[in-house]
Amino acid sequence: MVTKLKEVDAVVIGMGWTGSILSRELTKAGLNVVGLERGAMRTPREDFAIPNVRDELKYQHRHELFQDTASETVSVRHARSETALPMRRLGSFLPGNNVGGAGSHWNGATWRRLEADYVLRSHYTEKYGAKAIPADMTIQDFGVTFADMEPYYDKFEKLCGISGQAGNLKGQKIEGGNIFEGPRSDNYPNKPLARNFAATTFETAAKNMGYHPFPQPSANASEAYTNPEGATMGQCVYCGFCERFGCESNAKASPNVNVLPVLLPDPKFELRTHAYVKQLNYDKQAKKVRSVIYVDTRTGEEYEQPAGLVILGAYVFNNTLLMLYSGIGTPYDPVTGKGSVGKNYCYQYTGSGVTVFFEDKETNPFMAAGAFGSVIDDFNSDNFDHSGLGFIGGGHISAGLSNGRPIGTRALPPGSPRWGKGWKQATAKWYRRWFDVSGTACNYAYRDNYLDLDPTYKDALGRPLIRMTFNFKDNDRKIGAFLSQKSADIAKTMNATIVTPPRYKNGDYDLRPYQSTHNTGGTIMGSDPSTSVLNKYLQAWDASNLFVMGASTFPQNQSYNPTGPLGASAYWAANAIVTQYLKSPGPLLHA
Amino acid sequence: MANEKIPRRDFLKAAGAAGATGAAMATGLAACSPEAATTATAAPAAEPEVWLTLNATEAAFTKAAVDTLIPADELTPSGTDVGLATFIDRQLAGGFGNGARLYRQGPFLPGKPELGYQLALSPREFYRAGVEATNEWTKKTYGKEFDRLTPEQREETLKALEAGKAEFAGFSSALFFDALLTLTQEGFFADPMYGGNKNKVAWKMIGFPGLPASYRDEIKTYYNKKYDKEPQSIADFS
């Protein structure tokens, strides 16, 4: 029995970054908006209060703020020839839950995608020839350019009070910022954060080698800040409890701090928590979504919410699941290469570097912010010549330490015991005296890395789990070998007591250790309806009143954390909806 | 052998049941325990020894295991004396132990290790199976259960488990060892309110200051300088 509700102008699915931004922009345009969030309310004052927010066991290791894998997870396999098994508990990535989503427990690294990354296939083809791109690598252009997106990056950075140093202001390169970034219309709203020993040591070493270090752009506010919406942030206190935690100082930008205080009081907006969207009712004839079906997770009762406009702003896996489960668009077929829903699932290739240990220094890892430290972009994207390297893409190399929480963050020199007296001695000696120099790389799309529906395993609503077929490829491993060697070369100049041998991921994708919550793809944007799910305004080619937000729209993943690019594209899409779509509802582009 | 263990188990059960009656009983128990006799810095247990979920065999195993993983030395008292058996008992008795946030739908199929835990057991059930399998292995190898081995034999046993060389039915001994080590180190470094890390000994050992309210100025004033403040726990702020 489904209770049918009164139609609203717009329904927004998911109350993370993109859902809260779209809700805000649409209510400002005069629409009545209902926000549906599967989780509960989370307010910083109640839920992120000191001292209990600084509980490493509860938040980091018992996953307090994350998606509950008991009721919803994904199944995973490395290749189509294998049987996928369910990810029974979280490890490699940590999707969010509750109001604020992963935006309440991210670390705050906020980037702008590089100019070449927007036109990736065209760029590499033009510069190195079509043969430089492996035959089974299915990278695509985004259908938009950096210049298109720049005003929206600026808007998102100002919403979040990003702390950083510009490296390219209106075409003028500025030493000390990222000189490889595309031209900015304005500097960051806040100055860079303070620097710790790891950051300054890396910065000096990198500079001496002729590289171009700059402070990690961060949503941890270096100063108290009021954003253009009127929401206020506190100053970061470097508590070292950032990623995986809510912020008690309101110093980390989040939907809860930077958007919801102005959105929730708006009478045009209604938030419904414990509203778990199960399906979109798709009218194939009209190419429209008529309503969404959601389950009240407190009672199990089902509701149908009709809406003129539907914004899908869940996480990557749920965006893709809702499209496939609701029959919108053509599911991707890895054999024929046809279809697009589920195509180009990508991840992040992390951990290519070394650890340095200093017998006579104090790195104080516990004094830290989430997005913290010093970075070089000299080996990222196509910022360097790839001739003869045998791979395309690259990554950024950084040092900084985001925390010293002792259950999870302890490094020991190679060969140290894992337990017993020797382990205690080594841990006591080195806990405060190390940091990583490490590369984080792009992950490009391949024909056989994709998402579809699992034939066996179900979620708590009885729907199939998303099945991930994914493995790292030679292109990733070659980047790993390259970045780990560059990291080692920099580290060797630091006069460290111990520099570990360079390491990178050389085996199969491992679901157990945390790597990054930077899953991308599945509902990708592009300029051709046969190879993308969404047009450049993030409007579904097959449902003109459906707009899909977030990292599921990325045709492939760059080296950077996804929040900056997905925040900017949310504003870009909101602008297209408000200035174009609402005036004349229908497809904004014709195939 | 077998007739030796039964009276001791009965005694432990009786001690557990009577534990709430007072410190005198508990002190007596601590004096009798093998751990107290073999560790250099045995702090007299002032609190009664009670268990939420561990049975007597599991409690004896757990104390012996955490004392092997975290032995008493000049840095800290033993694992048991800093509360790690209590920590493990409480974790296994609660939501985590009973499978909260664990996807438990079948079919349960063996898979590559990279795909993560695939057993049908909750952490509590898995712990029970792991203790049973370890004791079976030590009985076969040394003729005794794990908690009755010498410190050297306990070390040998845990090394065999860690390397996956102890043959367990149904799962790798390394999988159980990793779960045991993870729980032990979680308890050692977690906030003391969970029962381990008593007197913040682990935080003192490494120089982790716990949770001061702010490092806004200290991030600069303690640049490359030892921060030697007394650690603060959640209870200190409450």
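**Group meeting: a helix pair, an interface and a sheet**

In helix α5 of chain B, the residues B:Leu84, B:Phe87, B:Ile88 and B:Gln91 meet B:Leu183, B:Thr184, B:Gly187 and B:Phe188 in α8(B). By type, the residues of this contact divide into five nonpolar, three polar and no charged. Before I go on, please keep in mind that this is a predicted model.

How do the two helices lie against each other? The axes of α5(B), residues 84-93, and α8(B), residues 173-189, come within 9 Å and cross at roughly 110°. That makes α5(B) roughly perpendicular to α8(B), because angles from 65 to 115 degrees count as such. The crossing of α5(B) past α8(B) is right-handed.

Next, the two chains together. In chain A, 54 residues are in contact with 50 residues of chain B. Which elements of chain A give two or more residues to that side? They are α3 (56-61), β5 (85-86), α11 (420-430) and β19 (450-458). The largest share, five residues, comes from α11(A). Sorted by type, the side of chain A that touches chain B has 23 nonpolar, 14 polar and 17 charged residues.

Two of those elements, β5 and β19 of chain A, also turn up in a sheet. That sheet is open, with four strands in the order β5-β4-β20-β19, and its pairing is mixed. β5 and β19 of chain A stand at the edges with a single partner strand each, so one side of each has no neighbour in the sheet. Strands of a sheet pair through backbone hydrogen bonds, either parallel or antiparallel. For β19(A) and β20(A), residues 464-469, the sense is antiparallel, over five bridges. In β20(A), A:Pro464 is the bridge partner of A:Lys458.

Notes. Residues are numbered from 1 along each chain as its sequence is written. Chains are lettered from A and ligands numbered from 1 in the order in which they are written. This is a predicted model: local features need pLDDT of at least 70, side-chain atom pairs count only at pLDDT 80 or more; totals for chains, interfaces and linings use all residues. Axes are lines fitted to C-alpha atoms, for helices over the stretch in contact, and angles run from 0 to 180 degrees between N-to-C directions. Angles under 35 degrees count as roughly parallel, over 145 as roughly antiparallel, 65 to 115 as roughly perpendicular and the rest as oblique. A crossing is left-handed if the near helix is turned anticlockwise from the far one by less than a right angle, and right-handed if clockwise. Two residues are in contact if their C-beta atoms, placed from the backbone, lie within 7 Å. Ala, Val, Leu, Ile, Met, Phe, Trp, Tyr, Cys and Pro count as nonpolar, Asp, Glu, Lys and Arg as charged, and the others, Gly among them, as polar. Two strands pair if DSSP finds at least two bridges between them.
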